[in-house]
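Below are some notes on the model you sent.

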Amino acid sequence: MRAIVCTLFLSGLLCDSCVRAENTLSSLKAAAVAWPGELPCRKWDCECAFKRQRGCCCANNQLQEVENKIFTRIMDLSEKISQLADNVLEVIGDVKIAFTASMSPRTNCFGPFNRNSPIPYDVITLNQGDGYNAALGTFTAPRSALYSFSFSVYSKVGVAGKKLYYKVQLMQNGEAVASTWEDNYEDSEDSGTQTVLLSLQKGGQVYVELLSGRQLCGSGIGLNTFSGSLIYPTEP
């Protein structure tokens, strides 16, 4: 019973407050309508709020100003994002650098020679960025970057008891960085593969060479290969 009484009492208070607020607003509106000159509302559009329809927003001008600022900011951000996308494309757009080449089929052995000799990987299946030169068997870095290089070696002497004898090494600017070799009478054929990551400056050169006195025999179609690709640029 007490709860009901309290509820009714509070409802009465709220209702009374609502009536008073409504009366106050009505009084303010009546005073505004009767005001002879411009309403002293500063930035607020009180002419709209008090003299026109009830639903008109007295902060319309300020909201419009905020909307214009937000729109300008969004357009500015959109332009910056577009600019950033262009910059990213400028950095990575020409980074498609990769090559794959192999030795053409041979009826005779390559080597032996009295000096180390670059291997002529003359069958090119991929050369994005034009970094690989088939005439020289050399890759020249079009830009400073980290690169991955792989080379595979195959040789077949074809006769049991004949020495299988080769050593091939990957060269970076004239220095050996990886190699694979075979020197035995037990196998008539064998192969090997190496893969390395190399940091190259623009213009740096990489190639594969056969050491002097060694030889690669057998046709080995597609088995003697040299390939490389850019991992990521190290300079813009």
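1. Contact here means heavy atoms within 4.5 Å. On that basis, and leaving out residues up to four places away in sequence, F113 touches L210, S212, G213 and R214. The model is a predicted one, and the points below should be read accordingly.

2. F113 sits in the loop between strand 1 and strand 2. Its relative accessibility is 32%, which counts as partly exposed. F113 and L210 are 97 residues apart along the chain, and their C-alpha atoms are separated by 8.6 Å.

3. How many disulfides are there by the distance rule? The count is 1, formed by C109 and C217 with sulfur atoms 1.9 Å apart. The link between C109 and C217 is right-handed, with 110° about the S-S bond. C109 belongs to the loop between strand 1 and strand 2 (117–118), and C217 to the loop between strand 10 and strand 11, so the pair ties together parts 108 residues apart in sequence.

4. Are the two cysteines buried or exposed? C109 is partly exposed, because its relative accessible area of 26% falls between the 20% and 50% limits. C217 has 5% relative accessibility and counts as buried, since buried means under 20%.

5. Strand 1 is mostly covered, with 4 of its 5 residues buried. Strand 1 runs antiparallel to strand 3 (residues 123–128), and 5 bridges join them; the bridge partner of A101 in strand 3 is I124. Strand 1 also pairs with strand 11, again in the antiparallel sense and over 5 bridges. In that strand 11, T225 stands opposite S102.

6. The largest nonpolar core has 31 residues, and F149, L170 and F226 are those with the most contacts inside it. At least two residues of this core come from each of strand 1 (98–102), strand 6 (145–156), strand 7 (164–172), strand 9 (189–200), strand 10 (205–210) and strand 11 (225–233). Strand 6 gives the largest share of the core, 5 residues. As background, nonpolar side chains in soluble globular proteins tend to be buried together.

7. What does L170 contact, leaving aside its neighbours within four places in sequence? Its partners are F149, F151, E175, A176, V177, A178, V196, L198, V206, Y207, V208 and F226. Two of these partners, F149 and F226, are named with L170 as having the most contacts inside the core.

How values were computed: Residues numbered from 1 in each chain as written. Predicted model: local features only at pLDDT ≥ 70, side-chain atom pairs only at ≥ 80, totals over all residues. Heavy atoms only, no water. Core = buried A, V, L, I, M, F, W, Y, C linked by side-chain atoms within 4.5 Å. Buried < 20%, exposed > 50% of the residue type's maximum accessible area, 1.4 Å probe, protein only. Disulfide = S-S within 2.5 Å. Pairing = 2+ DSSP bridges.
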